[in-house]
Amino acid sequence: MKALVINGPNLNMLGQREPDIYGRRTYDDLVQICQDAGRRAGFDEVEVFQSNHEGALVDAIQGAWGTADGIVINPAAYTHTSVAILDALKAVGLPAIEVHISAVEQREDFRQISYARMACMATITGEGLDGYAHALELLATHLKDAK
Ligand code: DQA
């Protein structure tokens, strides 16, 4: 069982970026959390990808088709703008879970729309980096139940 964790723009700046909102833990910490939680949840492999570029995120989603069993995605700012990411998630048809580190529902109006959510089976917000661990647990449970 393999999970692909996809992270959008500016998440590579975790630790430095608006720590009052996103915390002090770094992108390397995020990768470690995903690897550890993925192993605990029963994944043989967890690949963690980040890009600041919308097309690269679309390519990563497409690349999951036939190579991964499910996707955890934090499209970051592209959450609120990208029909291309929504369409890619729909195209591959893999179970996907949306994660946001912050409680987006309590933030600005422009963060209230999520295109990616329309292709995701669940959304986790406001749990900090631990939200990724939560998402991997949900994804593993779903994949085991689907077998
Ligand atoms: C975010 C929330 C988005 O609104 C924002 O643009 C991000 C990070 C989060 O993880 O809380 O870059 O996706």
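This is a predicted model: local features need pLDDT of at least 70, side-chain atom pairs count only at pLDDT 80 or more; totals for chains, interfaces and linings use all residues.
Numbering starts from 1 along each chain as its sequence is written, and side-chain values use heavy atoms, with hydrogens and water left out.

## Overall build

The C-alpha atoms fill a box of roughly 40 × 30 × 25 Å along the principal axes. Five helices and five strands make up the secondary structure. Their order along the sequence is β-α-α-β-α-β-α-β-β-α. Helices (H or I, at least four residues) and strands (E, at least two) are DSSP runs, numbered from the N terminus.

Of the 147 residues, 51% count as buried. Buried means under 20% relative accessible area, exposed means over 50%, and partly exposed lies in between (1.4 Å probe, protein chains only). The protein exposes about 7,000 Å². Carbon and sulfur atoms supply 48% of that area. Areas come from the Shrake-Rupley method with a 1.4 Å probe.

The charged side chains number 12 positive and 20 negative. Lys and Arg count as positive, Asp and Glu as negative; His and the chain ends are not counted. The centres of the two sets lie 2 Å apart. Each charge is placed at NZ of Lys, CZ of Arg, CG of Asp or CD of Glu.

## The nonpolar cores

In soluble globular proteins, nonpolar side chains tend to be buried together. Here, the largest nonpolar core has 29 residues. A nonpolar core is a set of buried Ala, Val, Leu, Ile, Met, Phe, Trp, Tyr and Cys residues joined through side-chain atoms within 4.5 Å. The residues with the most contacts inside the largest core are V5, L30, C34, F43, V72, Y132 and L136. At least two residues of this core come from each of β1, α2 (27-41), β2 (45-50), β4 (96-100) and α5 (130-146). The largest share, seven residues, comes from α5.

What does Y132 contact, leaving aside its neighbours within four places in sequence? Its partners are V5, N7, L11, L30, C34, V72, N74, V99 and I101. Apart from this core lies another, of 20 residues, which includes L57, A64, A88 and L94.

## The loop between β1 and α1

This loop joins β1 (2-7) to α1 (19-22) and holds N10. G8 and E18 also lie in the loop.

G8 is buried, with a relative accessible area of 0%. Beyond neighbours within four places in sequence, G8 is in contact with Q50, S51, N52, L57, N74, P75 and A76.

N10 is partly exposed, at 36% relative accessible area. Leaving aside neighbours within four places, N10 is in contact with R17, Q50 and N52. Its phi is positive, about 75 degrees, although N10 is not a glycine. E18, likewise not a glycine, has a positive phi of about 30 degrees. E18 is partly exposed, with a relative accessible area of 40%. Most residues other than glycine have a negative phi.

P95 sits between α4 (83-92) and β4. Outside four places in sequence, P95 is in contact with D69, G70, I71, M121, L139, H142 and L143.

E105 lies between β4 and β5 (122-125). E105 is partly exposed, with a relative accessible area of 44%. Setting aside neighbours within four places, E105 is in contact with Q112 and T125.

## Sequence gap and distance in space

The table pairs sequence separation with C-alpha to C-alpha distance.

| Pair | Apart in sequence | Apart in space |
|---|---|---|
| N10 and I73 | 63 residues | 14 Å |
| P95 and G126 | 31 residues | 21 Å |
| E105 and G126 | 21 residues | 8.8 Å |
| G8 and T79 | 71 residues | 8.6 Å |

Key:
Contact means heavy atoms within 4.5 Å.
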